[in-house]
Amino acid sequence: MTHSTPAVGIKDVAREAGVSVGTVSNVLNRPGRVSQRTRRHVEQVIARLGYVRSESARQLRAGRSRVVAVLVLDMGNPFFVDLARGAERTAREAGLAVTLCNSAQSARKEAEYLELFAEQRVRGVLVTPADPSGRSLGDFRRHGIPFVLVDRVAVGTEGCSVSVDDVTGGALAVRHLTGAGHSSLAYVSGPPHLRQVQDRRTGALEAVAQAGLPPTALREIPTERLDVAAGRDAGARLLGLAERPTAVFCANDLLALGVLQFMYTAGVKVPDDLAIVGYDDIEFAAAATVPLTSVRQPARTMGTMAADLLLQEAGDRADEHRHEHVVLQPELVVRGSSLPGR
């Protein structure tokens, strides 16, 4: 039978180094209070014994964590991965770690994670809300832990937000298609409770009206999820329509890639038979069989800016912090899926 070796504690380091526990604590937390000679000696003992300080105990004494939580709608979407990378870089520069969690577009999971974050007393939370009512975030606010909404404008909420103008983004996509001569279009949307899906539809309808077309020129193909499989299913429904649209705008790139996959399998030529525009401009968009036209969101920049705002609110000068609502502008990236010959 094997037995685990007891963990080395701060008292063991102090005993081996011949100093007080307080001196070891200063070396770890306030090295400026210790002479260089003593500090080097204690650090050598720490290395030799393999001492690792208990972060949970340190957090308990300090009353706050060194962890920032990032709660996104879908970790399978590269857009949110890039967003988290931006947040992680900013957090690391501040000496903090990031934990990434997935609500899977579920209000219930969102509430459960927020409750867990409150129990862990995380430093702060970056969240893309799944609960349209805002109830879970309202409950979370009572704990006094700062949070920043990402990819969503904080309407009627006391807090910061970093988002992209999705109404403009939807208009960019459909204006591009109507400008290419399309008058029969479809919008492959997503869960109707998501504000992003709603705003992109609003922009799309604005572009339809600007082109002098009736609202019925844009038919909506709703989906329960925002992933490739849902896109393939939407593609099948598109082909089943009595009057097939000549162009489709998808609420994100994963849906668009699913539609593109299905059309390729069905022998439908893109863009000759069907033009496709996605949203997010994830890395895979340019590498698709037919490179995907997409509305670009600066995901990493959004994560960086959101983390900056969060650290300001969670920092030592939090009393001076003023909530900001940053709205970035999207950009249309035209590739071969929407224009022949590109």
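Biologist: A helix axis is a line fitted to C-alpha atoms over the stretch in contact, and angles run from 0 to 180 degrees between N-to-C directions. With that in hand, at roughly what angle do the axes of α2 and α3 cross?

Modeller: Roughly 90 degrees. This is a predicted model. Helix α2 covers residues 21-29 and helix α3 covers residues 36-49. Their axes come within 10 Å. That makes α2 roughly perpendicular to α3.

Biologist: Which residues of α2 and α3 meet?

Modeller: From α2, T23, V24, V27 and L28. They meet T38, R39, V42, E43 and I46 of α3. By class, this contact has five nonpolar, two polar and two charged residues.

Biologist: Zooming out. How is the protein divided into domains?

Modeller: Domain 1 is 10-53. Domain 2 has two pieces, 65-164 and 299-330. Domain 3 is 166-296.

Biologist: And how far apart are the C-alpha centres of domain 1 and domain 2?

Modeller: They lie 36 Å apart.

Biologist: Back to helices. What about α5 and α13, how do they pack?

Modeller: At an angle of about 40 degrees, with axes 7 Å apart. Helix α5 is residues 78-93, and helix α13 is residues 299-314. Angles of 65 to 115 degrees count as roughly perpendicular and those under 35 as roughly parallel. α5 and α13 are therefore oblique to each other.

Biologist: Is their crossing left-handed or right-handed?

Modeller: The crossing of α5 and α13 is right-handed.

Biologist: Which residues meet there?

Modeller: On the α5 side, F79, D82, L83, R85, G86, A87 and T90. On the α13 side, A299, R300, M302, G303, T304, A307, D308 and L311. Sorted by class, that contact has seven nonpolar, four polar and four charged residues.

Biologist: Next pair. At what angle do α8 and α9 pack?

Modeller: About 45 degrees, with their axes 6 Å apart. α8 is residues 166-179 and α9 is residues 195-210. That angle makes α8 oblique to α9. Their crossing is right-handed. The α8 side of the contact includes V167, G170 and V174. The α9 side includes R200, G203 and A207.

Biologist: Change of topic: the six-strand sheet. What's the strand order?

Modeller: β7-β6-β8-β9-β10-β12. The sheet is open and the pairing is mixed.

Biologist: Do β8 and β9 run parallel or antiparallel?

Modeller: Parallel, joined by three bridges. F249 has V277 of β9 as its bridge partner. β9 and β10 also pair in the parallel sense, over four bridges. There, Y279 stands opposite V295 in β10.

Biologist: What about β10 and β12, parallel or antiparallel?

Modeller: Antiparallel, with three bridges. S294 stands opposite V333 in β12.

Biologist: Last one. Which strands does α8 lie across?

Modeller: β6, β8, β9, β10 and β12. α8 runs at about 165 degrees to β9. Helix α11, residues 253-266, lies across β6, β8, β9 and β10. α11 runs at about 155 degrees to β9.

Key
Residues are numbered from 1 along each chain as its sequence is written. This is a predicted model: local features need pLDDT of at least 70, side-chain atom pairs count only at pLDDT 80 or more; totals for chains, interfaces and linings use all residues. Side-chain values use heavy atoms; hydrogens and water are left out. Helices (H or I, at least four residues) and strands (E, at least two) are DSSP runs, numbered from the N terminus. Angles under 35 degrees count as roughly parallel, over 145 as roughly antiparallel, 65 to 115 as roughly perpendicular and the rest as oblique. A crossing is left-handed if the near helix is turned anticlockwise from the far one by less than a right angle, and right-handed if clockwise. Contact means heavy atoms within 4.5 Å. Domain bounds come from an automatic or database domain assignment. Ala, Val, Leu, Ile, Met, Phe, Trp, Tyr, Cys and Pro count as nonpolar, Asp, Glu, Lys and Arg as charged, and the others, Gly among them, as polar. Two strands pair if DSSP finds at least two bridges between them.
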